[in-house]
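Subject: Structure for you to look at

Dear colleague,

I am handing over the structure below, and the notes that follow it set out what was found. Please read them with the structure open beside you.

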2 protein chains.
Amino acid sequence: MKGLVAAVDLGGTKIYTALADQSGRVLAEVVVPTRPWEGAGAVIGRIVETVDQVLKQAGEQGPPLALGIGAPGPLNAATGVVYQAPNLGWDNVPLKQKLEEILDVPVVVDNDANLAAMGEYVYGAGRGEEEMVYITVSTGIGGGLILRGRVYHGAGYGAGEIGHMTIDPNGPRCGCGNYGCLEAMASGTAMAREARRLVESGGGRAILEAAGGDVDAITAREVARAAAAGDGEARQIIINAGRALGIGVANVINLLNPALVVLGGGAMQVGPLLWDAMEREVSRRAWAPARRRVRLVPAELGGRSGLMGAVALALQKVRGEKPPNPVV
Amino acid sequence: MKGLVAAVDLGGTKIYTALADQSGRVLAEVVVPTRPWEGAGAVIGRIVETVDQVLKQAGEQGPPLALGIGAPGPLNAATGVVYQAPNLGWDNVPLKQKLEEILDVPVVVDNDANLAAMGEYVYGAGRGEEEMVYITVSTGIGGGLILRGRVYHGAGYGAGEIGHMTIDPNGPRCGCGNYGCLEAMASGTAMAREARRLVESGGGRAILEAAGGDVDAITAREVARAAAAGDGEARQIIINAGRALGIGVANVINLLNPALVVLGGGAMQVGPLLWDAMEREVSRRAWAPARRRVRLVPAELGGRSGLMGAVALALQKVRGEKPPNPVV
């Protein structure tokens with residue numbers, strides 16, 4: 001073993017596993033479905049299988065030096081216990097302990113958004129910037145903070161929950177029960193909801209057409225397609241989402257004065273309309289000295305941010321760099 | 001000199017200077033008016049005089065080991081240059097360099113809100129909590145972040161600008177030009193503005209009475225007095241401010257997952273109505289795991305938070321603990 005590490009990005013639908021060398025070069029990777037309904041034990045077993053598979057693929061015998069793994073939901077990065085992960089159906093699963101028992105290698109765990117931030121910081125758009133905020137805009141909105149060159153966890157490993165920042169106290173209801181959360185106003189889910197509402201009130205023809213006439217098939221992708229074809233209603237939905245996103249980004253800039261904000265996630269793909277609306281709102285609302293200092297850039301690693309963050313975390317472990325250890 | 005340090009809290013109206021020992025005990029203190037209209041040179045001269053005065057008061061001859069000073073406005077804590085301080089009329093004043101030339105002791109500078117945070121962290125309500133947010137609610141709203149036990153400056157010494165976080169995109173206009181900033185909705189100035197608006201539209205009798213019938217004399221204090229006497233309109237103004245404050249605090253909790261939020265500043269004195277409205281909103285809007293982890297507490301040092309932070313900063317300097325040095 002020439003100092004190889006394994007990395008896993010554990011999601012609700014797929015397990016994405018890689019083997020990487022000390023420079024972070026990926027030697028082998030594999031994706032399998034998560035099938036969370038089979039229970040935590042089966043999912044953990046499948047993670048172990050994928051580690052065996054990437055070793056085999058790369059022609060390696062021994063175990064890796066360490067395994068880094070990103071998991072959804074609130075968790076304790078020191079003990080590696082996943083407190084709650086609704087899309088896995090997990091409740092207090094000792095992920096680190098279980099994997100260490102089976103694999104007999106050191107396992108390091110962090111949440112998926114923090115590892116995506118770390119991936120972009122070490123290997124992607126954030127290289128060289130020690131004060132960096134990563135925001136992922138997808139079905140939900142999440143974030144990770146790199147402060148003074150390290151993931152910032154807060155007092156209870158919960159830092160970075162940017163999706164539930166209130167953007168408009170009278171805004172739409174969020175899945176969390178509150179009103180006007182960023183996630184309820186700027187996520188892919190929020191754009192789709194606005195589009196469906198439009199169709200149900202008799203508008204949104206072009207969007208409905210893009211969805212083949214099926215209102216339930218409308219996602220942010222169909223909104224983006226209609227907007228790209230010049231549809232005014234679709235454009236307005238995207239602009240509204242971009243504005244809300246811009247308020248959220250401006251708030252983060254005002255609070256943290258980062259050098260860089262990296263934006264990733266599938267819903268950022270709806271196009272420049274979203275980006276431009278966001279940027280305009282940031283220009284209006286961010287405190288001038290902080291605004292002049294910051295750059296807004298798209299993520300570079302796409303769907304691999306979290307996986308590469310898990311590589312970085314495992315390499316950190318191998319090098320003896322301890323993650324911060326807040327009192328929980 | 002038994003290891004004494006000098007500390008200055010430089011404000012737009014007064015210069016507050018102290019001499020302290022290694023344990024942070026204040027041996028002498030003095031307050032003089034700032035008189036910013038006399039120019040930066042005169043103000044710096046007056047700071048030097050106050051240092052001489054506290055030394056004399058304490059019966060000391062030699063210079064202190066270091067001087068810590070808190071100044072308003074965006075500044076560079078490494079070079080000690082105050083970029084802009086509207087209430088001093090300053091523009092690129094090399095405060096550290098000037099004071100070091102005259103006093104011939106090491107001078108360390110930070111902004112007033114950061115030092116108030118540090119004062120509460122080292123000597124006040126924040127003792128023992130390494131992840132702490134300090135918020136001051138006064139004529140404006142400012143903040144300072146203690147992250148991993150140190151003041152967090154961000155990439156350009158601008159972190160903590162919580163007052164310009166957008167709370168309601170359609171809210172009232174802020175002094176900064178935007179709409180719905182926390183400062184425009186929850187500061188003492190905001191409460192007074194709402195009360196005057198009420199009087200001008202024919203309401204607010206009890207508040208006007210508390211101000212001796214002079215609408216221009218209405219401040220948050222008069223609103224508080226009318227509210228304490230049971231006036232419904234005054235109570236509503238305070239409750240609205242408390243709600244806005246609660247949204248801001250919840251946003252900070254969601255983003256940073258602190259162990260403690262310390263609230264200080266004159267406008268927090270309007271009474272429990274403000275505090276309770278804030279707490280209710282935080283309970284509604286903060287992400288559950290982060291909310292369970294955090295305590296909200298009033299500042300303990302009152303008008304001395306910033307001064308004591310300057311003491312802590314000077315002692316840090318003496319002990320060779322370097323403040324973080326972001327690339328600006």
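In chain A of this predicted model, three strands make up an open antiparallel sheet, arranged in the order β5-β6-β7. Its edges are formed by β5 (75-76) and β7 (90-94) of chain A, each of which pairs on one side only. Helix α2 (residues 95-103) of chain A lies across β6 and β7 of that chain, and runs at about 45 degrees to β7(A).

Turning to the interface, chain B and chain A bury about 4000 Å² between them, with 54% of this area on carbon and sulfur atoms. Of the area that chain B buries against chain A, 20% is supplied by Arg148(B), Leu255(B) and Arg285(B), more than any other three residues. The contact draws 44 residues from chain A and 44 residues from chain B.

On the side of chain B that touches chain A, at least two residues each come from β10 (141-147), β11 (150-151), α8 (232-256), α9 (272-285) and α10 (288-293) of chain B, and the largest share, six residues, belongs to α8(B). By class, this side of chain B comprises 24 nonpolar, twelve polar and eight charged residues.

With best wishes

Methods: Residues are numbered from 1 along each chain as its sequence is written. Chains are lettered from A and ligands numbered from 1 in the order in which they are written. This is a predicted model: local features need pLDDT of at least 70, side-chain atom pairs count only at pLDDT 80 or more; totals for chains, interfaces and linings use all residues. Side-chain values use heavy atoms; hydrogens and water are left out. Contact means heavy atoms within 4.5 Å. Buried area is the accessible area (1.4 Å probe) that two parts lose on being put together, summed over both. Helices (H or I, at least four residues) and strands (E, at least two) are DSSP runs, numbered from the N terminus. Ala, Val, Leu, Ile, Met, Phe, Trp, Tyr, Cys and Pro count as nonpolar, Asp, Glu, Lys and Arg as charged, and the others, Gly among them, as polar. Two strands pair if DSSP finds at least two bridges between them. Axes are lines fitted to C-alpha atoms, for helices over the stretch in contact, and angles run from 0 to 180 degrees between N-to-C directions.
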